[in-house]
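These are my notebook entries on one structure, kept in the order in which I looked things up.

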Amino acid sequence: MTSLTPGSAPAPVVHRGPVTSASYSITVRLAADGDPASVGRIATAVGSAGGAVTAIDVVESRPDGLTVDVTCSAADAEHSEEVVAALDAVDNVHVRKVSDRTFLLHLGGKLEVASKVPLKTRDDLSMAYTPGVARVCLALAEHPEDVRRLTIKGNTVAVVTDGSAVLGLGDIGPGASMPVMEGKAALFKRFGDIDAWPIALDTQDVDEIVRTVELIAPGFGGINLEDISAPRCFEIEARLREKLDIPVFHDDQHGTAICVLAALRNALRVVDKQLEDVAVVVAGGGAAGTAIVTLLLEAGATNVLVWDREGVLSPDDERLSPAKLDLARRTNPGCRRGELADALVGADVFIGVSAANVIQAEVLAGMAERAVVFPMANPTPDVDPVRARQYAAVVASGRSDLPNQINNVLAFPGVFRGLLDARAKEIRPGMLLAAADALAAVVGDDQLNANYIIPSVFDPAVAQAVAAAVEESARAEPGATADVPGDAD
């Protein structure tokens, strides 16, 4: 829990653009006089500072005064301070304590281990542990193919990171990455009923990461690589896929690509265009951008340009790294050059996975009619998605406070659910395409419109549809699944 220091002067009224968010939700404990109108003045103060009151609770009422907890949301941390200052400036009201509700939620971590079997009697212990457990161990030593069926391996995923590319925060290290990895594991359980565990590695050495994951792999049914910076993430994934007999999935790459392709398919339905015919510009040639481009090409896109800090990636640009050079060769055979604004002239689709505000919204006016714009840089989009709506027919972003949120939780729980159920040994492009098509199909013709091209993360049909499609695709791929004798029923 963190505390905010109350101010002593009233905060000025600020007209803010961002919508208040639960991410910056605080509970302020106030001491007020006994005047019943105090509660009204408290609510008014929050509103005047631009905050949103979500609850007011009278904790204690005495003849000489009240103790009041007011819970409200703000736009950012600085705005929270302004709300607290406004409350402290109310006549006969004093701030006693401020609690940041997001930090409170993380106290002690977000995960725990629970037993699936009762341990109440001697019989329970003798079967779950010694001596009965020895029989199962010996059976698995003789038939290792049964490990997925008789242990947690069949429903367990390792969420592996080195903390080098956490959200939009950059290289903050393995310890600081843990809240994100715990959150990812919680999402696996909530949306896929999969037991996942965060593995934060204190190394950024590719060889050490690969070897460490290889050593722990026997206890897991799949590996989810998370928040590992490019280009190391490409090599780590490729080497692990070669070495392991379980699927390796880099969510920053493939989860993002699945969701983008699904959203784009539906957006193109809205504007009545075909993927094979549109000109696509992708801002960002890192892990996410590379995976998006790869899957778009696999799905049939034929006209794609990628822009990064070097400009439009061109095969004849000697400055490019090997990974970006490969990307340029697959997307820009004509060796076009220029900046992002140049590439967007006449383009039908803009997909941003680069950095905050790399272009102004006015640049989008040069795109083709009925343009599709997906600015998804996190936490601040590549272009203001609100202003982008003036120039584009369909806009989607990663923001939860706007329509069409492209969120990886739409993909990875269902993808892994399908992989685990199929006992997949690897993940192939056909499975990614199947996941994207299934996700897109969740939005029916009667639901589809410019403000609804992607379903809600809380739609129960999402994970089920994605899992079923991935499982079917995996079983149809020769050699992609493990054969488990005696488990056909």
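Entry one, helices H8 and H9. I looked up the handedness and found that H8 and H9 cross in a right-handed sense, where right-handed means that the near helix is turned clockwise from the far one by less than a right angle, and left-handed that it is turned anticlockwise. I note that this is a predicted model, in which local features need pLDDT of at least 70 and side-chain atom pairs count only at pLDDT 80 or more, while totals for chains, interfaces and linings use all residues. Residues are numbered from 1 along each chain as its sequence is written, and side-chain values use heavy atoms, with hydrogens and water left out.

For helix H8 (residues 206-216) and H9 I recorded a packing angle of about 35° and axes 10 Å apart; the axes are lines fitted to C-alpha atoms, for helices over the stretch in contact, and the angles run from 0 to 180 degrees between N-to-C directions. Helices (H or I, at least four residues) and strands (E, at least two) are DSSP runs, numbered from the N terminus. On the H8 side the contact (heavy atoms within 4.5 Å) uses Val206, Asp207, Ile209, Val210, Val213 and Glu214, and on the H9 side Arg232, Glu235, Ile236, Arg239, Leu240 and Lys243. I sorted this contact of H8 with H9 by class and got six nonpolar, no polar and six charged residues, with Ala, Val, Leu, Ile, Met, Phe, Trp, Tyr, Cys and Pro counted as nonpolar, Asp, Glu, Lys and Arg as charged, and the others, Gly among them, as polar.

Entry two, helices H1 and H2. Helix H1 (residues 37-48) packs on helix H2 (residues 77-88) at an angle of about 145°, with 8 Å between their axes, and the crossing is again noted as right-handed. Here Ile42, Ala45 and Val46 of H1 meet Val83, Ala86 and Leu87 of H2, and I count six nonpolar residues in this contact, with no polar and no charged ones.

The angle between helix H7 (residues 174-192) and helix H15 (residues 412-421) is about 65°, and their axes lie 9 Å apart. H7 is therefore roughly perpendicular to H15, a term that covers angles of 65 to 115 degrees. From H7, Lys184, Leu187, Phe188, Phe191 and Gly192 meet Phe412, Pro413, Phe416 and Arg417 of H15, and the contact of H7 with H15 divides into six nonpolar, one polar and two charged residues.

I noted a cis peptide bond from Thr130 to Pro131, with omega near 5°, and placed Pro131 in the loop between H4 and H5. The bond from Ala230 to Pro231 is cis too, with omega near 5°, and Pro231 lies in the loop between strand E7 (222-225) and helix H9 (232-243). Asn92, in the loop between H2 and strand E4 (93-100), has a positive phi near 60°.

Technical notes: Parallel < 35°, antiparallel > 145°, perpendicular 65-115°, else oblique.
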